[in-house]
Amino acid sequence: MTQHALLSTDKLHSAAHADEPTSFRHVPHNIEAEQALIGAILVNNDAMDRTSDFLRPEHFYDPLHASVFETIQQLLHAGKSVTPTTLRTFFENAEPIDSDLTVPEYLWRLAENATTVINARDYGRTIHDLATRRKLILIGEDMVNTAYDSPVDQPPHVQIEEAEQLLYRIAEQDKYGQGFQDFPSAMNQAIEVANNARMRGTDLSGLPSGLIDLDDMMGGLQPSDLIILAGRPSMGKTALATNIAVNVAAQKRLQRFQENPDGPPEPAVVGFFSLEMSAEQLASRILSEQAEIASNLIRRGKIDEEEMARLMSASVALNSAHLFIDQTGGISIAQLAARARKLKRQRGLDLLVVDYIQLLSGSASKAANGRVQEITEITTGLKALAKELEVPLVALSQLSRQVEQREDKRPQLSDLRESGSIEQDADVVLFVFREEYYVQRQEPSVAEVEAHQKWQVELDAVRGIGEVIIGKQRHGPTGSVRLQFTGEFTRFDNLDRDHPLASKAV
């Protein structure tokens, strides 16, 4: 006897449970909620709209209900109305529920007992949540069985990683966004952003990067933006990224992103995926930037007492920064997204940095189709992640060698590796360029006195100058800004206002 007979008689309902052991536990389900939802849809097809964004047939516990729901979906998508009469042809030959109740008759009873469509979404959410609980039970049972019977050559951390991936998949698989938003709501949000900037006494609508001229052109780092930071080796991509990360981590969270906007200011949180350098190497570089001590001297311990005092002072200041580093190499875009979501759930998140795109991997299917397809999946995933988490995402990228073949070494959008997807998905593309690097390598022989003197003048003119070229910006101007670069500490700063190249974007 099945539970479909719940609507036939109370006697059948009691008989269905009469012989069940009291110690037996059913997996979580709610047949009544499933019946109520299907009945509501049969009475008023508009009820389907209240659940279609999150509910699927596999969420139903009862196989017949899952089949009915799927058939209803197909008919509605085909533009047909759904009633017990139109469903009859699909279930005439279905196995009867019992000797006195066929499936078409059962559907009529569901429609007759339906009360209102007002609670349709609540019914749907109940069905969905119980399905999630059943998945959790299966994962838990698999974990127990695997832990008991795992092969000798399978270390525990492998099982932990597999369980984490399954749990993250459940947590994220039903996030479909909020659907359409009416224009007045979107307009109010835009006005709120402008008002918050006005109240702060600044024209920045995003997170300040700490670099005045760059913020002036970009309005700060904008939430949901994918910001590509690209450059050739030795240009200072990672240095600029760490400078920005530390500057943001030393600030307070924008008021509109606080859990309690009317409460005290909360610290900003930065997540940094360092796919190339270890966390210790990255920390050493950041300490070098902040203490103004060469990182190679820090690593080798060749520092005096005064420098050690500066190092300790810098470490104390940085100790309060909410900067979190993930040093896992060869991580996939799916794993990166899962870890970023976890960080936001546990700590909050205001800025995400990925160093760098070419060290990420995509899915096996995309990789099999070539690196261009894989990079497309990665950049699309990064943009979707920035939008989902509502944070600026700074992703570093390499440039192709064709830059070196030109007389003018300033990078262009066409220099981006696999530029089709990177350029298309990015909201902002920044290029790091240091002319000093190239001028140094053009030193003529000291025997050529006049040529060497001319070279020295050229080198002095660009020494310590870094340039950030804004090659693309969806919501602002393109151009470039000049920064102070101290190679010894791999550090970018605002250019001295008295410097002849300072103060203006060029």
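Predicted model: local features only at pLDDT ≥ 70, side-chain atom pairs only at ≥ 80, totals over all residues.
Residues are numbered from 1 along each chain as its sequence is written, and side-chain values use heavy atoms, with hydrogens and water left out.

**Overview. The chain holds 20 helices and nine strands.** Helices (H or I, at least four residues) and strands (E, at least two) are DSSP runs, numbered from the N terminus. Of the 506 residues, 43% are buried. Buried means under 20% relative accessible area, exposed over 50%, and partly exposed in between (1.4 Å probe, protein chains only). The accessible surface is about 27,100 Å², and carbon and sulfur atoms account for 51% of that surface. Areas come from the Shrake-Rupley method with a 1.4 Å probe; for residues, only the protein chains shown count as cover. Among contacts (heavy atoms within 4.5 Å) between residues at least 6 apart in sequence, 68% join residues at least 24 apart. The average pLDDT, the predictor's confidence in each residue from 0 to 100, is 79, and 84% of the residues score at least 70. The pLDDT is below 50 over residues 8–18, a stretch with seven contacts in the model beyond near neighbours in sequence.

**View 1. Val27, Tyr61 and Ile137 make a nonpolar surface patch.** The patch covers about 210 Å². Patches are made of residues with over 30% relative accessible area and no salt bridge; like charges are joined within 9 Å, nonpolar side chains (Val, Leu, Ile, Met, Phe, Trp, Tyr) within 5 Å. Val27 sits in the loop between helix H1 (10–18) and helix H2 (31–43). Val27 counts as partly exposed because its relative accessibility is 36%.

**View 2. Two salt bridges, Arg56 with Glu58 and Arg88 with Glu92.** Side chains of opposite charge can pair when their charged atoms come close. A salt bridge is a side-chain nitrogen of Lys or Arg within 4 Å of a carboxyl oxygen of Asp or Glu. The whole structure has 11 salt bridges. In the pair of Arg56 and Glu58, the closest N and O atoms are 2.8 Å apart. Arg56 is partly exposed, at 21% relative accessibility. For Arg88 and Glu92, the N to O distance is 3.5 Å. Arg88 is partly exposed at 40%, and Glu92 is partly exposed at 48%.

**View 3. Lys383 and Asp427 form a salt bridge.** The closest N and O atoms are 2.6 Å apart. The pair links distant parts of the chain, 44 residues apart: Lys383 is in helix H16 (residues 371–389), and Asp427 is in the loop between helix H18 (419–425) and strand S6 (428–433). Asp427 counts as buried because its relative accessible area is 5%. Salt bridges link Lys383, Asp427 and Arg474 in a network.

**View 4. Asp415 lies in the loop between helix H17 (402–405) and H18.** Asp415 is buried, with 0% relative accessibility. A polar atom of the Asp415 side chain lies 2.7 Å from the backbone nitrogen of Gln412. Leaving aside neighbours within four places in sequence, Asp415 is in contact with Leu399, Ser400, Gln402, Val403, Arg406 and Arg410.

**View 5. Gly206 lies in the loop between helix H8 (183–199) and helix H9 (212–218).** Gly206 is buried, with a relative accessible area of 0%. Gly206 and Met218 are 12 residues apart in sequence, and 8.6 Å separates their C-alpha atoms.

Conventions
Polar contact = N/O pair within 3.5 Å; in protein donor to acceptor, adjacent residues only side chain to side chain.
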